[in-house]
Amino acid sequence: MQTWSLVSICVLLGVVVRWGVSLKSYCGAGKPPMFGDYEAQRHWQEVTYNLPVQEWYFNTTENDLNYWGLDYPPLTAYHSLICAYVAKMINPEWVELHKSRGYESPAHKLFMRATVLVADLLIYIPAVILYCLYLTDGSSKKKVSTLFCFLLYPGLILIDYGHFQYNGVSLGFALWGVLALGLGWDVLGSVAFCLALNYKQMELYHALPFFCYLLGKCIKLGPMGRGFFLLVRIASTVLVTFALCWLPFLSDPSQALQVVRRIFPVARGLFEDKVANTWCSLNILIKIRSILSSDSQIYLSTACTLLAVLPSSVKLLMKPTFWQFKLALANSALAFFLFSYQVHEKSILLAALPVCLLLNDLPLVAIWFLLTSTFSMLPLFLKDGLLVPYVVTSLAFLFFSLYLLSALEHCSEEELRLGAYHKMLFFLPKLDLACITRWKFSIGVAAMAGLSAVSVVLVPPPHLPDLFPVLVSTTAFLQFLGTFLYFNIVQFSGPPSRKSQKKSN
């Protein structure tokens, strides 16, 4: 009973923080002609309510795809349609075809913010609660502490409630998939992940670990016995789930192909804005987009992504344990973010989710990464007028996560799983890697705080207008790359020892 009381308090505090961020201005407010992501979400409600399904993804006289045309899978469109029906009942002007473009009012802002919160309360937050209570080790106090830190992750809060998106829906479905697989409900986990993939195509970042874990489990159970029947059940479930999600578009092949073209655009280029990945950082020295053709960029990024994700996926396929699955999710998402084609800075949220799953196991590294992921989106937050929420939520997350998870106390070499590093650095004298990691964490946090302050206070030189965004993205990239190498080494070094688990408990 006491545990559930603490859970209720954590959820209430999480809701308060989310609603507090939502009171700030949103992306593109009062800035015609496009008005930003807030208007995109509102416009999709307008389109899905007023036009037949067959026109949602097509450029017509009633649906100008150049003005926030739908570019997400069908489940996003259905969600917009549901919100549109509610909006129509409250105020028809909110979804009136053409006339509602750029609509702004306090009541509508309240409605839109409420739709994000309701989606979180129905999908994301329950999955977080159940994961922390049933799939993390330790006492009830530690589980609740992990839950609170999970809900307090500032990156997702600032993007969904400040910038304005519904990332909590796709991430929530993915987390339900993780939860189901962790509890042994493989078919239900497959359904949940299919829903995530049909809500946002970027969930492909997590697809290989789900595939390799389930296939590896089927092989382990016996390809001609129980494993074969499980494989058939999972395959049938996936096909049926996809068929139901795409049902309105399957009667005409041209409809389905148009949806695919819309959700996988290649015209946008290798990366957008100053994203903290390999290609944007490398672009400082080598102008890849000028040297290589678009096709060559696609081939190069695809090859690098597959090479980066392959070791982790093969390891998971050979050893399909839940520990390996969590690490493979982090490694796969980071590989896609660092090396894949057409990456946006908000895509780091897809890597942040599996790292949140490791808050209980590797608290210091997880906290470090989650802070860095939020910092990497600083230029976007400054553009949206979210400086104060960024500072407050980041400081709150840093303080509470370090205190509640005792991250600085539980960071011995064994708890940080640094043993493999000694084998790799055998030619050097034995180093205190735990102490070095603590120092690196402190220096990393100080560098992010300093760059955040500099980005706000100083004006860049006229000949280097993007100086601070480039410094932010490069600093974050170096930390992401280090984390990616670290998680791969941890995945190949074996499962956590019981001794270290007892210490942390």
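Predicted model: local features only at pLDDT ≥ 70, side-chain atom pairs only at ≥ 80, totals over all residues.
Biologist: How are two packed helices described?

Modeller: Two numbers do it: the angle between the axes and the distance between them. Take α14, residues 322-339, and α15, residues 348-356. Their axes are 8 Å apart, at an angle of about 165°. Angles over 145 degrees count as roughly antiparallel, so α14 is roughly antiparallel to α15.

Biologist: Is the crossing of α14 and α15 left-handed or right-handed?

Modeller: Left-handed.

Biologist: Which residues of α14 and α15 meet?

Modeller: From α14, look at K326, L329, A330, A333, L334 and F337. They meet I348, L350, A351, P354 and V355 of α15. By class, this contact has 10 nonpolar residues, 1 charged and no polar ones.

Biologist: At what angle do α4 and α7 pack?

Modeller: About 35°, with the axes 9 Å apart. Helix α4 covers residues 106-134. The α4 and α7 crossing is left-handed. On the α4 side the contact includes A119, D120, I123 and Y124. On the α7 side it includes G168, V169, F173 and W176. The class count for α4 with α7 is 14 nonpolar, 2 polar and 1 charged.

Biologist: Now the pockets. What shows where empty space is left?

Modeller: A probe the size of a water molecule, rolled over the atoms. Here the largest pocket holds about 1200 Å³ of space. Its lining has 46 residues, and Q201, M202, P265, R268 and Q342 are the closest to the centre.

Biologist: Which elements give two or more residues to the lining of the largest pocket?

Modeller: They are α2, α7, α9, α10, α13 and α15. The largest share, 5 residues, comes from α13. Find α13 at residues 294-318. By class, the lining of the largest pocket has 24 nonpolar, 14 polar and 8 charged residues.

Biologist: What volume has the second largest pocket?

Modeller: About 420 Å³. It is lined by 18 residues. Closest to its centre are W368, Y421, K440, G482 and Y486. Helices α16 (363-375), α20 (433-457) and α21 (467-492) each give two or more residues to this lining.

Biologist: Which element gives the largest share of the second largest pocket's lining?

Modeller: Helix α21, with 6 residues. By class, that lining has 12 nonpolar, 5 polar and 1 charged residues.

Terms used. Residues numbered from 1 in each chain as written. Heavy atoms only, no water. Axes fitted to C-alpha atoms, helices over the stretch in contact; angles between N-to-C directions. Helix = DSSP H or I, 4+ residues; strand = E, 2+ residues; numbered from the N terminus. Parallel < 35°, antiparallel > 145°, perpendicular 65-115°, else oblique. Left-handed = near helix turned anticlockwise from the far one by under 90°. Contact = heavy atoms within 4.5 Å. Nonpolar A, V, L, I, M, F, W, Y, C, P; charged D, E, K, R; others polar. 1 Å grid on protein atoms, 1.4 Å probe; cavity = no way out; pocket = protein on both sides within 12 Å on 5 of 7 lines; lining within 4 Å. Points joined across faces, edges and corners; volume = space filled by probe spheres on them.
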